[in-house]
Each structure stands twice: as C-alpha cells, then as structure tokens.
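Colleague: Please take me closely through one part of this model. I would like to start from the charged pairs and then look at what surrounds them.

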Amino acid sequence: ALRADATAQAVRLWCAVDRARYAESIARGRGFLAALQHPGGGVRYEPGSEDVNVWATIFAAQAERWARGDAPGDPW
C-alpha cells in the first residue's frame with residue numbers, strides 16, 4: 001500500500017545515502033507526495049483519503065527540504 005509517511009522516509013534515506021544514485025526514486029517519491037497534498041497545505045496519509053495527517057505532513061516537508069539540499073548540517 002502507498003503511504004505518505006513511508007514514502008517521505010524513503011526519500012530522506014535516498015537523499016542521505018546517495019542523492020545521485022537514487023535521483024529517479026527521489027523524484028518519484030516527491031511526485032507522489034505532491035499529489036497527496038491537500039489544498040490546505042497538509043499531506044493526506046494515502047491516496048483517496050481525506051485524512052490530512054500531521055506526521056505525514058512533517059515527514060513530507062522534511063523530505064522535500066532534504067531533496068532540495070536544504071537540510072541543515074548532516075541529514076542524520
């Protein structure tokens with residue numbers, strides 16, 4: 001099943017391990033997370049859900065920041 005929190009964590013891991021090697025996976029993950037964004041700004045937990053989930057939103061925001069290279073200091 002596709003979930004926002006797990007996808008965001010995977011994006012963060014790929015960014016930390018090897019951004020170039022996992023560039024395609026990072027891009028797919030970011031696209032999936034963007035598609036889950038609610039008009040109010042939060043991120044839905046999964047496709048078809050109206051559950052705008054706080055931890056999924058936080059993880060997605062972190063993943064997006066890391067994917068842009070904006071994470072302060074070491075990613076861990």
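Modeller: The structure holds five salt bridges. A salt bridge here is a side-chain nitrogen of Lys or Arg within 4 Å of a carboxyl oxygen of Asp or Glu. This is a predicted model: local features need pLDDT of at least 70, side-chain atom pairs count only at pLDDT 80 or more, and totals for chains, interfaces and linings use all residues. Residues are numbered from 1 along each chain as its sequence is written, and side-chain values use heavy atoms, leaving out hydrogens and water. As a general point, side chains of opposite charge can pair when their charged atoms come close.

Take Glu46 and Arg3. They form a salt bridge, and their closest N and O atoms are 2.5 Å apart. The pair links distant parts of the chain, 43 residues apart: Glu46 is in the loop between α2 and α3, and Arg3 is in the segment before α1. Those helix names come from DSSP runs, numbered from the N terminus (helices are H or I, at least four residues; strands are E, at least two). How open are the partners? Glu46 counts as partly exposed because its relative accessibility is 26%. Arg3 is partly exposed too, at 27%. The scale is simple: buried means under 20% relative accessible area, exposed means over 50%, and partly exposed lies in between (1.4 Å probe, protein chains only).

Next come Glu64 and Arg30. In this salt bridge the closest N and O atoms are 2.5 Å apart. Glu64 sits in helix α3 and Arg30 in helix α2, so the pair ties together parts that are 34 residues apart in sequence. Glu64 has 22% relative accessibility, so it counts as partly exposed. Arg30, at 30%, is partly exposed.

Arg44 and Glu50 make another salt bridge, with closest N and O atoms 3.4 Å apart. Arg44 is buried because its relative accessible area is 15%. Glu50 is exposed, at 59%. Salt bridges that share partners join Arg30, Glu64 and Arg68 into one network.

Now a charged residue without such a partner. Asp5 lies in helix α1. Asp5 is buried yet has no salt bridge. The nearest side chain of opposite charge is that of Arg3, 5.9 Å away. Here Lys and Arg count as positive, Asp and Glu as negative, while His and the chain ends are not counted. Setting aside residues up to four places away in sequence, Asp5 touches Tyr45, Trp55, Ala56 and Phe59. Contact means heavy atoms within 4.5 Å.

Two of those names lead us to α3. This helix covers residues 54-67, which is 14 residues. At 1.5 Å a residue it should span 20 Å, and its end C-alpha atoms are 20 Å apart, which agrees. The expected span is 1.5 Å times one less than the number of residues. Which residues of α3 are buried? They are Ala56, Ala60, Ala63, Trp66 and Ala67. They cover an arc of only 125° around the axis, so they lie on the same side of α3. The arc is that of the directions from the helix axis to the C-beta atoms. What covers these buried residues includes α1 (4-18) and α2 (23-35).

Look at where α3 begins. A side-chain oxygen of Asn53 reaches to within 3.1 Å of the backbone nitrogen of Trp55. A polar atom of the Asn53 side chain also lies 3.0 Å from the backbone nitrogen of Ala56. A polar contact is a pair of N or O atoms within 3.5 Å; within protein, one must be able to donate a hydrogen and the other to accept it, and residues adjacent in sequence count only if both atoms are side-chain atoms. Asn53 itself lies in the loop between α2 and α3. Asn53 counts as buried because its relative accessibility is 7%. Beyond four places in sequence, Asn53 touches Val43 and Tyr45. At the other end, just after α3, Gly69 takes a positive phi of about 85°.

Finish with Pro47, in the loop between α2 and α3. Pro47 is partly exposed, with 46% relative accessible area. Leaving aside neighbours within four places in sequence, Pro47 is in contact with Leu2, Phe32 and Leu36. Phe32 belongs to helix α2, and it is buried at 17%.
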